[in-house]
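Here's a quick briefing to read with the model open beside you. Take a look at the fold before you start.

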Amino acid sequence: MASKGVTIFITGAAGYVGAALSDQLSKRPDVAGVIALDRDPKPALLEGNEKVVWYTANTADTSWQDDVRRHHPDVVIHCAWEIREMYGKRKLQWHWNVEGSLNVFSFAFTIPSVKRLIHFSTAAVYGASPTNTIEHRFLENEPLRETEYSYGSEKRFVEEDLRKRFEEGERRSDKIPVVSIVRPAAITGPRGRFMRLRFGLQSVLSGQLPPTFLNRVVSLLVSVVPATALWCRQFVHEDDVVDIVTALALGDSSKSFSVFNLAPQGEVVRAGHMAAAVSKKVLPVTPFMIRLGYFFAWHLTRGRIPTAPGVWRFYSYPIVLDGSKVTRELGIKYQFRSPEAFQSTRGRYERFVPGNKRRA
């Protein structure tokens, strides 16, 4: 690995965001190399990239730490997470997600070379509540309220631990890294929609899931777009996420601890927008109907349809973020508004759009 430039350690590097960050950051001349770690194999996106050193391991283990330490990373970006709740395996999920995150934080706080730590959280930490409105935009200093949905509650716990570690390190006057937490809205873009087909809302409604029996049943059930009165989504483009994280990793930092919502200002995606985008009609439903349907889907399919406890609230009630702090403090303007991020095929990964041969 080249000696000049910054060395960046990225966890969850086989995932959607982690792979994009590994790919884009490794192309920069001011980055000496990327140390990439994931429990899954190296994705095709990173094959042949000589600036990426790959380690296959779970952050919940400790086998990776000596290997990564030898590279003297300057920046740690923690993306690794099991987002979909595993049916009947909450203890294992906690081990992977929470204990794995604490391992990464301990590593970053004890390795002298690490100057910056960036942790990926989620908008879900604010909690989807019946009192939420589409007009209210959550700010970074508002309380983290999620306690039921495992993804949001685990992220909340990890965030609180990270803040506590930082504050304790400051009180002791320890040499600790600059810490940044990012809370993105739903991340999407050409690569997310056309390369990484996951059991997500866009994939389900647009019929892009692989043609398995279960997926055919789900597609039949969503021949319309069921939506509550307050249903909405915020989307942030994958390119904007990469640009913001790059600024936090490599730019000048005026704050030793910061939190940023990642969501463009302006219009959110409402049910009508979603239905029009997938050529379907909206079917008005109540939160109780969503809750009942999610309960049966979760247990009858043993979690293969990702409708885990608490998820129904995130389909029923809005969480709308104010992401303007990114522009005020980092000077970064979002390239794509939420509806554009949701539908546009433009971006660094346009080549993944069927029929588009453009190279990024």
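This is a predicted model: local features need pLDDT of at least 70, side-chain atom pairs count only at pLDDT 80 or more; totals for chains, interfaces and linings use all residues.

Residues are numbered from 1 along each chain as its sequence is written, and side-chain values use heavy atoms, with hydrogens and water left out.

**Whole chain**
- The chain has 13 helices and 15 strands (DSSP runs: H or I of at least four residues for helices, E of at least two for strands, numbered from the N terminus).
- Of its 360 residues, 55% are buried (under 20% relative accessible area, 1.4 Å probe, protein chains only).
- Take contacts (heavy atoms within 4.5 Å) between residues at least 6 apart in sequence: 76% of them join residues at least 24 apart.

**Strand β4 and its neighbours**
- β4 (residues 75–78) is covered on both faces, with Val75 and Ile77 buried on one side and Val76 and His78 on the other.
- On pairing (at least two DSSP bridges between strands), β4 runs parallel to β1 (residues 6–11) over four bridges, and Ile8 sits opposite Val75.
- β4 also runs parallel to β5 (residues 116–120), again with four bridges, and there His78 faces His119.

**Cysteines**
- The disulfide count is zero, going by cysteine sulfur atoms within 2.5 Å.
- Cys79 is buried at 14% relative accessibility, and Cys232 is buried at 5%.

Methods:
Buried means under 20% relative accessible area, exposed over 50%, partly exposed in between (1.4 Å probe, protein chains only).
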